[in-house]
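Here is a short briefing to read alongside the model. Keep the sequence and the 3D view open as you go.

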Amino acid sequence: MWINLLLVMLLLFIVIYRVCGWGGNGSLDLLEISFESQQAMVHGKPMPASDLLVVHRWRPSCMTSRWGDVLMIDVNWLCRSPEGLFVLGIAQGGDDGTTPSLYPHKLFPRDIRWVWRSLSEDRVRQMLTPTPRIYRKVFGVPVPGR
């Protein structure tokens with residue numbers, strides 16, 4: 001009987017933990033908060049990242065704990081400035097894996113480092129040519145020659 005009660009309480013704790021957002025899928029929220037606070041370099045000109053339009057997000061590489069806490073992340077976001085210039089935002093954060101730990105460090109927005117790479121429109125078109133759906137989404141036309 002006590003074992004059943006203990007199991008029910010454990011299950012209830014896990015559900016509350018997930019519903020309250022302490023664990024779960026916090027990687028996107030974590031990235032959004034970090035992104036909004038950045039100062040991006042777009043073709044040599046500083047600009048608040050909040051002014052950029054994210055036109056495509058490649059699938060992130062994200063490592064989480066068993067409770068859903070984000071431990072390490074590596075993402076690439078293609079952004080467009082209000083002037084129509086393209087920039088690639090590369091975000092990385094987490095442990096470098098060289099120091100083993102029984103208690104891994106939970107990732108916070110301040111732990112994420114963003115690097116900005118300015119891209120020409122031609123380069124973006126080359127990058128997106130293998131993915132016609134995304135090419136059409138970004139440029140509004142189908143991939144030429146397909």
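This is a predicted model: local features need pLDDT of at least 70, side-chain atom pairs count only at pLDDT 80 or more; totals for chains, interfaces and linings use all residues.

- Helix α1 spans residues 2–19, and leucine 5 lies in it.
- Leucine 5 has a relative accessible area of 42%. That value falls between the 20% and 50% cut-offs, so leucine 5 counts as partly exposed.
- Trp2, Leu5 and Met9 make a nonpolar surface patch. The patch covers about 410 Å².

**Strand β6 and its partners**

- Strand β6 runs over residues 86–94. Seven of its nine residues are buried, so the rest of the structure largely encloses the strand.
- On one side of the pairing list is strand β5, residues 70–80. Nine bridges join β5 to β6, and the two run antiparallel.
- Aspartate 74 has glutamine 92 in β6 as its bridge partner.
- β5 and β6 form a hairpin with five residues between the strands. There, glycine 84 takes a positive phi near 90°.
- Strand β7, residues 113–119, also pairs with β6. Seven bridges join these two strands, which run antiparallel.
- Isoleucine 90 stands opposite valine 115 in β7.

**Helix α3 and arginine 125**

- Arginine 125 is found in helix α3, residues 121–128.
- Arginine 125 is partly exposed, with a relative accessible area of 25%.
- Which residues does arginine 125 contact, leaving aside its neighbours within four places in sequence? They are Tyr135 and Phe139.
- Valine 143 is 18 residues from arginine 125 in sequence. In space, their C-alpha atoms are 8.5 Å apart.

Note on methods: Residues are numbered from 1 along each chain as its sequence is written. Side-chain values use heavy atoms; hydrogens and water are left out. Patches are made of residues with over 30% relative accessible area and no salt bridge: like charges are joined within 9 Å, nonpolar side chains (Val, Leu, Ile, Met, Phe, Trp, Tyr) within 5 Å. Accessible areas come from the Shrake-Rupley method with a 1.4 Å probe; for residues, only the protein chains shown count as cover. A salt bridge is a side-chain nitrogen of Lys or Arg within 4 Å of a carboxyl oxygen of Asp or Glu. Helices (H or I, at least four residues) and strands (E, at least two) are DSSP runs, numbered from the N terminus. Buried means under 20% relative accessible area, exposed over 50%, partly exposed in between (1.4 Å probe, protein chains only). Two strands pair if DSSP finds at least two bridges between them. Contact means heavy atoms within 4.5 Å.
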